[in-house]
Amino acid sequence: MVKAFVNNVDSYTGKILSKVFNSAASGAGNEPEVPQEPIIPKQQYEVIGTLQSFEGEKPEWVSEVIQPAASREALLAAMLTCDVIVYNISDGPETVSEASWAVEALHGQLTSFASLKVFICVSTVLTWARSKPVDPEDLTVPFTEEDYRRRRPHPNFKDHVEVEKLVTKLGKTDKTRFWTYVIASGLKYGVGEDISISCSSLLARGRGRAAHLWGWSKCAAYNPHPGLGQHHSQCG
């Protein structure tokens, strides 16, 4: 059985990530675009992880949790038993330094790996917030993965960018033992969202009114209810 580690399995994002891993068979996705990327044999995932708080509850599909008071040595030992390690840094600043430590600690044990390990950093689209448009004449042209070197973050998310760079760098050392990925998760909403819940509720009840999200930076209009064409939001 392939084993996966997910941080903060009692958070909204952690619950979703851990449940997806638990319900999926490893290697069951599309064939990788790059032939040399690792392919883990198709097996069921066993999921372990950490809790965000002492009051947090372990989801029933998670086999084991590492308590918040556990030492970093115990946390590293748990991660070393896993084939896939997922760190979400999009929900709070406290996870940024921990993810940085985690990927460096794992990388420090590289020579002892008996099999391939994959580290996935789930970051935030706000590390791209101040990036210049791909085409100033057509703002609908999207960014692609090839544009990551020219991304510019919102000032409050510079630490997130540093972690992204670190994760990318350490994944290039020995690709037969350690692969790393950085994923921009965007703004999450749906069931249990935190930062957008009040805005989403307002839009769901509104009649063509605009809801304003304050606190980050100016960004393109974002519709948290794509099926409701009369609703829209503005970020300021």
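## Helices α3 and α4

In helix α3, the residues Val 96, Ala 99, Ser 100, Val 103, Glu 104 and His 107 meet Asp 159, His 160, Val 163, Leu 166, Val 167 and Leu 170 of helix α4, where contact means heavy atoms within 4.5 Å. Sorted by class, the residues of this contact of α3 with α4 are seven nonpolar, three polar and two charged; Ala, Val, Leu, Ile, Met, Phe, Trp, Tyr, Cys and Pro count as nonpolar, Asp, Glu, Lys and Arg as charged, and the others, Gly among them, as polar. The model is a predicted one, in which local features need pLDDT of at least 70 and side-chain atom pairs count only at pLDDT 80 or more, while totals for chains, interfaces and linings use all residues. Residues are numbered from 1 along each chain as its sequence is written, and side-chain values use heavy atoms, with hydrogens and water left out.

The axes of α3 and α4 come within 10 Å and cross at roughly 15 degrees, the axes being lines fitted to C-alpha atoms, for helices over the stretch in contact, with angles that run from 0 to 180 degrees between N-to-C directions. The two helices α3 and α4 are therefore roughly parallel to each other, given that angles under 35 degrees count as roughly parallel, over 145 as roughly antiparallel, 65 to 115 as roughly perpendicular and the rest as oblique. The crossing of α3 with α4 is left-handed; a crossing is left-handed if the near helix is turned anticlockwise from the far one by less than a right angle, and right-handed if clockwise.

## Helices α2 and α3

Helix α2 (residues 72-80) and helix α3 (residues 94-108) have axes that come within 11 Å and cross at roughly 60 degrees, which makes α2 oblique to α3. Helices (H or I, at least four residues) and strands (E, at least two) are DSSP runs, numbered from the N terminus. The crossing of α2 and α3 is right-handed, and the contact is made by Arg 72, Leu 75, Leu 76, Met 79 and Leu 80 on the α2 side and by Ser 97, Glu 98, Trp 101, Ala 102, Ala 105 and Leu 106 on the α3 side. By class, eight nonpolar, one polar and two charged residues take part in the contact of α2 with α3.

## Salt bridges

A salt bridge is a side-chain nitrogen of Lys or Arg within 4 Å of a carboxyl oxygen of Asp or Glu, and by this rule the count comes to four. One of them joins the side chains of Glu 164 and Arg 151, at 2.9 Å from N to O. This pair links distant parts of the chain, with Glu 164 in helix α4 (residues 158-170) and Arg 151, 13 residues apart from it, in the loop between β5 (117-123) and α4. Both Glu 164 and Arg 151 are buried, where buried means under 20% relative accessible area, exposed over 50% and partly exposed in between (1.4 Å probe, protein chains only).

Another salt bridge pairs Lys 165 with Glu 162, whose closest N and O atoms are 3.9 Å apart; both residues lie in helix α4, three residues apart, about one turn of the helix. Lys 165 is partly exposed at 45% relative accessible area, and Glu 162 is partly exposed at 47%. Arg 177 and Asp 174 also meet through their side chains in a salt bridge, at 3.3 Å from N to O, with Arg 177 partly exposed at 29% and Asp 174 partly exposed at 21%.

## Asn 8

Asn 8 is found in the loop between β1 (2-6) and α1 (12-23), and is buried, with a relative accessible area of 12%. Apart from neighbours within four places in sequence, Asn 8 is in contact with Gly 14, Thr 50, Leu 51, Gln 52 and Thr 95. The phi angle of Asn 8 is near 50 degrees, a positive value in a residue other than glycine.
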